Amino acid sequence: MAKQIQAIRGMNDCLPEQTPVWQMVEATLRRVVSSYGYSEIRMPVVEMTHLFQRAIGEVTDVVEKEMYTFNDRNGDSLTLRPEGTAGCVRACIEHGLVYNQERRLWYVGPMFRHERPQKGRYRQFHQFGVEVFGLTGPDIDAELIMLTARLWRELGIEQFTTLQLNTLGSSAERAAYRDALVAFLEQHKESLDEECQRRMYTNPLRVLDTKNPQVQEILTQAPVLSDYFGEETKAHFDGLKALLDAAGIAYQVNERLVRGLDYYNYTVFEWVTDSLGAQGTICGGGRYDGLVEQLGGHATPAIGFAMGLERLTLMLETLEKIRNIPAVADVYICMAGEGTLTAGLLLAEKLRNERPELRVMTHCGGGNFKKQMKRADKVEARIALILGESEVADNKVTVKFLRDQVEQQTVDVTALLPILDKLGE
Ligand code: ATP
Ligand code: MG
């Protein structure tokens, strides 16, 4: 036998047993965003590398060490998208979608990051994201959070999620704070680890994100961003909190929450869970009022979030929140004898014409009735329709109930639909 070729580490197949969960999650997501009047946008999975460098920031985990970057045959540096916001903003500018107008958009699809694969962290993963342009908030900030809260409710996981909330202030406030933070970090330079020492000049706010307990301890003494906030930032944040209070959405203000990407300002939030172990963030987002202009568009306020669908499906599985996964078929057609194959295939087509929602599977590949009935059982059909030579000659069909205590009966083909309609009751 030839040597097997395996999938790339950290890139998963979604097998037939798993797709129903994904379909259920995706259907819920689509239903919820559409109930808020959001429109879908689809972007390419590959973009020019410098789009991500410029949008996400050079000194971020994603750009520094996680991107799949390669030269194509023309020598252009391209990157498999590590997130959706940059491409979405690029597309909106390119097609004039956000100039002087509001847009409420959503997308879903694969993202790529070269990280160490582990539970809840993969190299190809899927994000569902929302981006809203042209609105300054805090009303829209609250709407996005309400939308996510509704998703958790619809998926039955609301008791297992916590909202963490913070504001990063305006870019001017952040700049003033940045200077103060750098001055503080300089005083403690010796106690910082290598990464923090490097980041304190390139992206000092990221030092606050450190997982190193020793540095975290030092940071308890660091100046806090909120001391640098002016009236506008406070009003925005208070406005958002008041709206969330009114909507009955609980939150924890977490001043350490700065988010991994550079482009955020004002509101940032994360939904976290402790039912997944280390990879506990299922959704993260925030306001990014500077990004459209930074990428060459007209200044446009914007806010968005993205959630990891692997983490979400994992959570549903862990918490056993998966609703009944439907069987593959409702009706299984079995045939044996001269002329029955054609009759069976045509009967199946007729049923699909008349009852498009009915899932009808025809037995293919021959074999005796016993084998065929086994198949019917395996796909968990409710009913087997049996066509032998005598049935076909009389234009009849034998109906065998596989899950209900009802006698098998042979009926005219014309009498079949009322029987099948009862299945749904
Ligand atoms: P983390 O801190 O877990 O690395 P992040 O801050 O890098 O997350 P974002 O860029 O905010 O993540 O992406 C939004 C969401 O996408 C995350 O909250 C998570 O649910 C999901 N996500 C991010 N990276 C991965 C990955 N490598 N595998 C699976 N899901 C991921
Ligand atoms: Mg990350």
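# A guided reading of a predicted model

Modeller: The domain assignment of the chain gives domain 1 (19-169 + 229-318) and domain 2 (331-424). The structure is a predicted model.

Biologist: How many Å apart do the C-alpha centres of domain 1 and domain 2 lie?

Modeller: The C-alpha centres of the two domains lie 48 Å apart. Ile-386 and Ala-247 are 139 residues apart in sequence, and their C-alpha atoms are 56 Å apart in space.

Biologist: Which polar atoms lie beside the oxygen atoms of ligand 1?

Modeller: An N or O atom in the side chain of Arg-113 is 2.8 Å from an oxygen atom of ligand 1. For Arg-311, a polar side-chain atom lies 3.0 Å from an oxygen atom of the ligand. Gly-308 takes part through its backbone, with an N or O atom 3.2 Å from an oxygen atom of ligand 1.

Biologist: How much of ligand 1 does the protein bury?

Modeller: The general idea comes before the case. The size of an interface is often given as the accessible area lost when the parts come together. Ligand 1 taken alone exposes 590 Å², and the protein buries 88% of that.

Biologist: Let us consider single residues. Is Thr-79 buried or exposed?

Modeller: A residue counts as buried when its relative accessible area is under 20%. Thr-79 has a relative accessible area of 0%, and it is therefore buried. This residue lies in strand β4 (residues 77-80).

Biologist: Which side chains does a polar contact join to that of Thr-79?

Modeller: There are contacts with two other threonines: one of 2.8 Å joins the side chains of Thr-79 and Thr-49, and one of 2.8 Å joins those of Thr-79 and Thr-69. Not counting residues up to four places away in sequence, Thr-79 touches several residues, among them Val-45, Phe-52, Met-67 and Tyr-68.

Biologist: Where is Thr-300 found?

Modeller: Thr-300 is found in the loop between α10 (291-294) and β11. At 5% relative accessibility, Thr-300 counts as buried. A polar atom of its side chain lies 2.7 Å from the backbone oxygen of His-298. Leaving out residues up to four places away in sequence, Thr-300 touches Val-98, Phe-133, Gly-134, Asp-289 and Val-292.

Biologist: What does Leu-420 touch, not counting residues up to four places away in sequence?

Modeller: Leu-420 touches Val-331, Leu-351, Leu-358 and Ile-383. Sequence and space can be set side by side for one of these pairs: Leu-420 and Ile-383 are 37 residues apart in sequence and 8.4 Å apart in space, C-alpha to C-alpha. Leu-420 is found in helix α15 (residues 416-423) and counts as buried at 3% relative accessibility.

Biologist: In which strand is Ile-386 found?

Modeller: Ile-386 is found in strand β14 (residues 383-387), and at 11% relative accessibility it counts as buried. Apart from neighbours within four places in sequence, its contacts include Cys-334, Phe-369, Met-373 and Val-397.

Biologist: The backbone remains. What is phi of Asn-100 and of Asn-395?

Modeller: The point to look for is a positive phi in a residue other than glycine. Asn-100 has phi near 60°, and Asn-395 has phi of about 55°. Asn-100 is in the loop between α4 (85-94) and β5 (103-112), while Asn-395 is in the loop between α14 (389-393) and β15 (396-401).

Biologist: Is Asn-100 buried or exposed, and is Asn-395 buried or exposed?

Modeller: A residue counts as exposed when its relative accessible area is over 50%. Asn-100 is exposed, with a value of 72%. Asn-395 is exposed as well, with a relative accessible area of 52%.

Biologist: Which peptide bond is cis?

Modeller: The peptide bond from Gly-137 to Pro-138 is cis, with omega near 5°. Pro-138 has its place in the loop between β6 and α5 (139-155).

How values were computed: Residues are numbered from 1 along each chain as its sequence is written. Chains are lettered from A and ligands numbered from 1 in the order in which they are written. This is a predicted model: local features need pLDDT of at least 70, side-chain atom pairs count only at pLDDT 80 or more; totals for chains, interfaces and linings use all residues. Side-chain values use heavy atoms; hydrogens and water are left out. Helices (H or I, at least four residues) and strands (E, at least two) are DSSP runs, numbered from the N terminus. Buried means under 20% relative accessible area, exposed over 50%, partly exposed in between (1.4 Å probe, protein chains only). A polar contact is a pair of N or O atoms within 3.5 Å; within protein, one must be able to donate a hydrogen and the other to accept it, and residues adjacent in sequence count only if both atoms are side-chain atoms. Contact means heavy atoms within 4.5 Å. Domain bounds come from an automatic or database domain assignment. Accessible areas come from the Shrake-Rupley method with a 1.4 Å probe; for residues, only the protein chains shown count as cover.
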